[in-house]
Amino acid sequence: MKEKVAAHRERLKAAGRIYVNTDLPADLVARLDQIKEAMGASSRAPIIEEALRFYIENAPRA
């Protein structure tokens, strides 16, 4: 199983993507899951990516 995970992450890396793992408060994950269901997304990842991109693009420049 470890080999499959490593191979998957290598394919992602080759495509310019990097695996990120973090923990979040339960209430935030619950809201995230509500948004996921409403959007019909298959996972949380595209919603997190969109939110992070929006935040970075709109954050005040330091």
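Predicted model: local features only at pLDDT ≥ 70, side-chain atom pairs only at ≥ 80, totals over all residues.
**Group meeting: pocket, charges and rings**

Mean pLDDT for the protein chain is 94, with 98% of residues at 70 or more. Helix α1, residues 2–14, has the lowest confidence, a mean of 92, while α2 has the highest, at 97.

There is one ring contact to mention. Tyrosine 19 has arginine 9 over its face, 3.7 Å from the ring centre.

Next, the pocket. The largest pocket holds about 860 Å³ of space. Its lining counts 21 residues, and those nearest the centre are Ile18, Val20, Ala45, Ile48 and Glu49. Which helices supply at least two residues each to that lining? Those are α2, spanning 26–39, and α3, spanning 45–58. The largest share is from α3, with eight residues. Sorted by class, the lining has 14 nonpolar residues, three polar and four charged.

Now the charges. Side chains of opposite charge can pair when their charged atoms come close. The count here is four salt bridges. One of the residues nearest the pocket centre, Glu49, also takes part in a salt bridge: glutamate 49 pairs with arginine 17, and their closest N and O atoms are 2.7 Å apart. Glutamate 49 belongs to helix α3 and arginine 17 to the loop between α1 and α2, so this pair ties together parts that lie 32 residues apart in sequence.

To recap, look at Glu49 on the structure: it is among the residues nearest the centre of the largest pocket, and it forms a salt bridge with arginine 17.

Notes: Residues numbered from 1 in each chain as written. Heavy atoms only, no water. Lys NZ or Arg CZ within 6 Å of the ring centre and 35° of its normal. 1 Å grid on protein atoms, 1.4 Å probe; cavity = no way out; pocket = protein on both sides within 12 Å on 5 of 7 lines; lining within 4 Å. Points joined across faces, edges and corners; volume = space filled by probe spheres on them. Helix = DSSP H or I, 4+ residues; strand = E, 2+ residues; numbered from the N terminus. Nonpolar A, V, L, I, M, F, W, Y, C, P; charged D, E, K, R; others polar. pLDDT = per-residue confidence, 0-100. Salt bridge = Lys/Arg side-chain N within 4 Å of Asp/Glu carboxyl O.
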